[in-house]
Structure formats: structure tokens, C-alpha cells
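Have a look at the model first, and then we can go through the details together.

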Amino acid sequence: MRSELYIDGKWVKPIKGGTCIVTNPATEETIQTISAATAEDVNVAVKAARRAFDKDGWPKLSGAQRAKYLRAIAAGIRVRQADIARLEVLDNGKPFPEADWDVADAAGCFDFYAGLAEQLDNKPEETISLPDDRFTSKAVKEPIGVVGAIIPWNYPLLMAAWKVAPALAAGCTVILKPAELTSLTALELAAVADETGLPAGVLNIVTGSGSVAGQAIIDHRQVDKLAFTGSGPVGSKIMAAAARDIKRVSLELGGKSPFVVFDDADIEEAVEWIMFGIFWNQGQVCSATSRVLVHEAIYDRLLARLVEETNKIKIGNGLEDGVLLGPLVSKRQYEQVTAAIDAARKAGATVACGGTRPEGFDKGYYLRPTVLTDVPLDSDAWVEEIFGPVVCVKAFKTEEEAIELANDSRFGLAAAVMSKDDVRTERVASAFRAGIVWINCSQPTFTEAPWGGYKESGIGRELGRWGLENYLETKQITKYVTDNPWGWYIR
Ligand code: NAD
């Protein structure tokens with residue numbers, strides 16, 4: 001387990017010597033003490049990233065040359081996949097098979113962007129047809145520069161990959177700040193990158209708190225772009241900081257995503273996807289489908305099966321075989337989620353199952369998966385992101401009502417619909433005001449497809465070719481190609 005900062009190709013102690021304690025959420029034991037960077041460390045990291053970008057030639061390498069490093073990072077992650085996944089479980093609490101999936105996905109993300117980096121070399125020049133034949137013009141793509149990437153704790157390595165891989169592929173250099181709760185696998189990523197011989201300064205990892213290390217990154221005048229995944233309130237701060245010196249900014253924020261189930265859906269399939277949509281990763285998923293709308297004709301039967309299956313989920317330490325629900329990430333998160341359930345009860349909601357600590361767990365931030373019904377539409381439980389294993393289920397009568405309820409949110413990250421009628425699912429998919437729509441499923445995520453939200457769920461798109469474009473500027477190059485003088489001032 002690493003504990004130092006990774007700056008300019010070296011492992012260094014923070015200048016002011018600060019530390020953060022890392023706790024295993026399954027046992028509440030300290031597993032590591034890591035470095036807490038301050039503005040001084042961030043400044044050194046930004047200088048290194050600047051030099052790597054402006055002088056050392058990272059953006060001048062061909063896409064194929066950069067791709068070699070990305071593929072080597074992917075291979076390095078795969079070599080240590082099981083160890084990194086285990087570390088993710090210790091740090092975040094998620095069940096091992098989920099962590100293993102994330103780590104494989106992170107490696108896949110580096111390979112995917114290696115492919116896009118190679119394609120940058122072979123892209124034909126985009127010529128622009130002009131109405132004046134004395135000029136030719138073309139548009140070229142160039143890397144934005146130094147990127148400050150700030151990520152949350154729910155998918156620690158994967159969120160790092162979603163930002164670092166496209167940024168490096170584009171030719172940018174990066175300062176990555178992982179969440180203070182879960183920095184261990186980002187440090188492993190630095191170790192893997194270091195072993196590939198990645199030039200110094202191209203990737204820097206600074207651990208520490210959001211208010212100190214994170215704030216120093218977003219305030220730094222020499223950072224060209226901020227790429228953020230996290231909560232709405234911090235997203236607003238990041239946008240405000242970006243506004244000061246017109247930094248480029250992309251934000252992936254929270255959600256309160258709906259899942260509409262029509263009466264022709266197979267109830268077993270619906271229950272499976274509803275559970276996957278809210279209990280995977282203990283519901284600490286930005287795109288979790290936490291508001292389930294079920295046609296009244298199947299509501300009672302579906303709810304009964306949902307409660308029955310939810311009560312069977314095996315809860316425990318993510319390293320134990322067969323565990324499908326681990327602890328929440330931290331004491332604070334546990335307290336926030338249980339407070340949200342209490343508030344829902346007080347607002348009139350019924351707890352159909354869960355809502356309490358599972359029996360036999362004295363230590364660890366464990367919470368039984370929870371199904372809420374009769375949730376008032378104006379209550380926080382229906383409106384606000386809970387970010388835990390808590391789903392609200394409600395009946396609807398008509399498609400029109402379902403769409404209205406689904407879209408009645410300030411968020412617009414994801415939405416799901418289930419029905420055997422393909423015309424209906426397409427119609428509903430098009431009516432959803434959300435950046436990601438799932439038909440007959442919820443949550444499957446592919447590196448190739450765009451990811452991001454409408455409304456308060458964010459700005460910009462990650463993943464796929466859109467993820468690469470996040471880190472590219474467009475430059476117009478226009479040439480005067482005739483021998484005839486321009487003849488405006490000098491005739
Ligand atoms: P958070 O916003 O509290 O923290 C995210 C990151 O921002 C952390 O690294 C934190 O240290 C940093 N940070 C905090 N204050 C900062 C500041 N003033 N300046 C700079 N950085 C600062 O979010 P969280 O609690 O870690 O994550 C949960 C939230 O993330 C949820 O709302 C969830 O929906 C969202 N999320 C969204 C996506 C998505 O793709 N849309 C994915 C995962 C999580």
C-alpha cells in the first residue's frame with residue numbers, strides 16, 4: 001500500500017507533512033495513513049504537469065506513441081487485477097466481484113483510449129469549405145493542456161481511469177485528486193504508470209482533502225481544464241472557480257433516476273433489474289435508478305417479489321464469498337443514509353423492508369437494503385439523492401403520468417424503462433429528459449458509449465469519443481492562398 005504523493009515521476013512526502021487516515025468500512029479499522037497535500041504540493045504538481053505539457057513534448061508525441069503507454073498501463077493493471085480489487089474492497093467496502101469488475105473495466109478504459117489516440121494520427125484533416133476561394137481553411141484538434149481531475153469515492157479506480165485515460169490519450173497532462181476516503185487504488189495506478197516509464201509530470205496524483213488539495217487545484221491559474229465527478233454542491237464550486245479564469249470544465253454530478261415498469265413486463269426480470277439498479281455498489285451509484293414507477297396492474301405482485309428478494313441479499317464483508325451488499329463507504333455516509341430513511345418515515349413513507357442495521361453486525365457501516373413505498377412526492381426521499389441502498393417504489397396509471405413523474409426532477413442523469421412493446425419503450429426513451437437511458441435493463445455501462453447528465457446532473461460527456469473530445473480544443477487554421485494583394489489599406 002502506497003502512502004506518498006506521486007508528483008513529477010517521484011514518490012514524495014507532502015511539504016507540510018499532513019496525513020489522512022484510511023478506514024476499512026467493513027471493520028472500522030485503520031488500514032493506512034496517506035499523505036494530505038496542501039496548495040504547496042499542488043503547485044509543484046501543476047508546475048510538473050505544465051513542464052511536461054509545454055516543454056517536454058507529451059502533446060507532441062504521436063497518438064500511437066501515447067497509446068503505447070496507455071496499453072502498458074492497461075496491461076499493468078491487469079497483471080495486478082486481483083490485488084488492486086482487494087485493495088478497493090478494503091478501502092471502499094464493495095463486494096470483491098464488483099471491485100474485480102471495476103478494475104477490469106478500468107484496464108479496458110485505458111485500452112479503449114489507446115485505440116482512439118492511435119486514430120488521432122490517421123484522422124484526415126477536416127477542411128472547411130469557404131465561400132471565398134482566396135482562402136483555404138481547416139479545423140484541427142489539439143489537447144487542452146493541464147487537467148485537474150477530481151473524483152469521488154464510489155468507483156475509485158474506475159473514475160480515475162475515466163478521466164486519466166482520455167486526457168492522456170488527447171495529449172493533456174494531469175493532476176488527479178482522488179477522494180480522501182478512497183485514494184489507495186489511485187496510488188496503485190500511479191505505481192503502474194510509473195513502471196511503464198511514463199514521462200515525469202504527465203500524471204501526478206495528489207491525495208488529500210477536497211477543501212485543501214482539491215480547492216488548490218481548482219484555484220490554480222495554470223490549470224487549463226477541470227474534470228470533476230462528485231456531488232452537486234462541490235460541482236457548483238468547481239464551476240465558479242472555473243468561471244474566474246475561464247477554465248474548461250466538465251461535471252458529472254448526482255441523480256435521482258427513474259425506472260418505469262409497464263404492466264406487460266416480466267415481473268421476475270423487472271425485480272432483477274430494479275435490484276441491480278439500486279443495490280449494486282450499495283446504491284452509491286450516481287446513475288442508480290432510485291425512483292421506481294410501476295404500473296398499478298402489477299404493482300402489488302412486483303412489490304411483494306421485490307421485498308422477498310431484497311430480504312435475501314447476502315450482506316457482509318466484501319471479501320467474503322457470496323456477499324452481494326457490503327458496508328457503506330464511511331460512518332458519515334451511513335449516518336446520512338439512515339437519517340434520510342428516518343426523514344422519509346417521518347414524512348409518511350412506509351418501510352417495506354430494510355431501513356435498519358442487519359443483525360449480527362456490531363462493526364462496519366452496514367445497512368439492510370431498503371424499499372420505501374407511500375413516499376410523498378414533495379419529500380426529500382423522493383426528490384433528493386440518498387446515495388445508498390434505498391429505493392422508492394410508486395404506482396402509476398398511464399404512460400403520460402409515468403413520464404411526467406419520471407421527468408419531474410432537477411436531475412437528469414439516467415432513466416430506465418421496461419416493457420415488451422418496442423414502440424412504447426422507444427417513445428418513452430425519447431420522452432425522458434436524461435443523458436443515459438436504459439431499455440429493459442438498468443446500469444450496464446460501456447466505455448464506448450457517452451456518459452453524462454441533463455439538467456443539474458452535469459455538463460459534458462465522458463466515455464466513448466465524447467470523452468476524448470472533453471480534452472481537446474478545436475483550432476481553425478485559415479490560409480490566404482492567392483498572389484493578389486489584399487488591397488484594403490495599401491492599394
Ligand atoms: P464530493 O463532491 O463530496 O467529493 C468529490 C470530490 O471532490 C472528492 O475528491 C473531494 O475531495 C473533492 N472536493 C470536495 N470539496 C472540494 C473543493 N472545494 N474543491 C475541489 N474539490 C473538492 O462527492 P462524493 O461524496 O465523493 O461523491 C458522491 C457524489 O458524486 C454523489 O452526489 C454522486 O451522485 C456523484 N457521482 C456522480 C457520478 C457521475 O458520473 N455523474 C459518478 C460518481 C459519483
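Let us start at the ligand, where an N or O atom in the side chain of Glu385 lies 2.6 Å from a ligand oxygen atom. Taken alone, the ligand exposes 850 Å², and the protein buries 90% of that (accessible areas come from the Shrake-Rupley method with a 1.4 Å probe; for residues, only the protein chains shown count as cover). This is a predicted model, in which local features need pLDDT of at least 70 and side-chain atom pairs count only at pLDDT 80 or more, while totals for chains, interfaces and linings use all residues. Residues are numbered from 1 along each chain as its sequence is written, and side-chain values use heavy atoms, with hydrogens and water left out.

| Residue | Protein atom | Ligand atom | Distance |
|---|---|---|---|
| Glu385 | side-chain N or O | oxygen | 2.6 Å |
| Leu253 | backbone N or O | nitrogen | 2.6 Å |
| Trp153 | side-chain N or O | oxygen | 3.0 Å |

In total, 27 residues surround the ligand, a residue being near if one of its heavy atoms lies within 4 Å. Ile151, Glu180, Ser231, Leu253 and Glu385 are the closest. By class, the shell has 14 nonpolar, eight polar and five charged residues (Ala, Val, Leu, Ile, Met, Phe, Trp, Tyr, Cys and Pro count as nonpolar, Asp, Glu, Lys and Arg as charged, and the others, Gly among them, as polar).

Where does the shell come from? Helix H7 (210-219), strand E10 (225-229) and helix H8 (232-244) each supply at least two residues, and H7 gives the largest share, four residues. Helices (H or I, at least four residues) and strands (E, at least two) are DSSP runs, numbered from the N terminus.

Elsewhere, the structure holds 34 salt bridges (a side-chain nitrogen of Lys or Arg within 4 Å of a carboxyl oxygen of Asp or Glu). Asp8 and Arg51 form a salt bridge through their side chains, at 2.8 Å from N to O. Asp8 sits in the loop between strand E1 (5-7) and strand E2 (10-12) and Arg51 in helix H1 (residues 39-54), so this pair ties together parts 43 residues apart in sequence.

Conventions
Polar contact = N/O pair within 3.5 Å; in protein donor to acceptor, adjacent residues only side chain to side chain.
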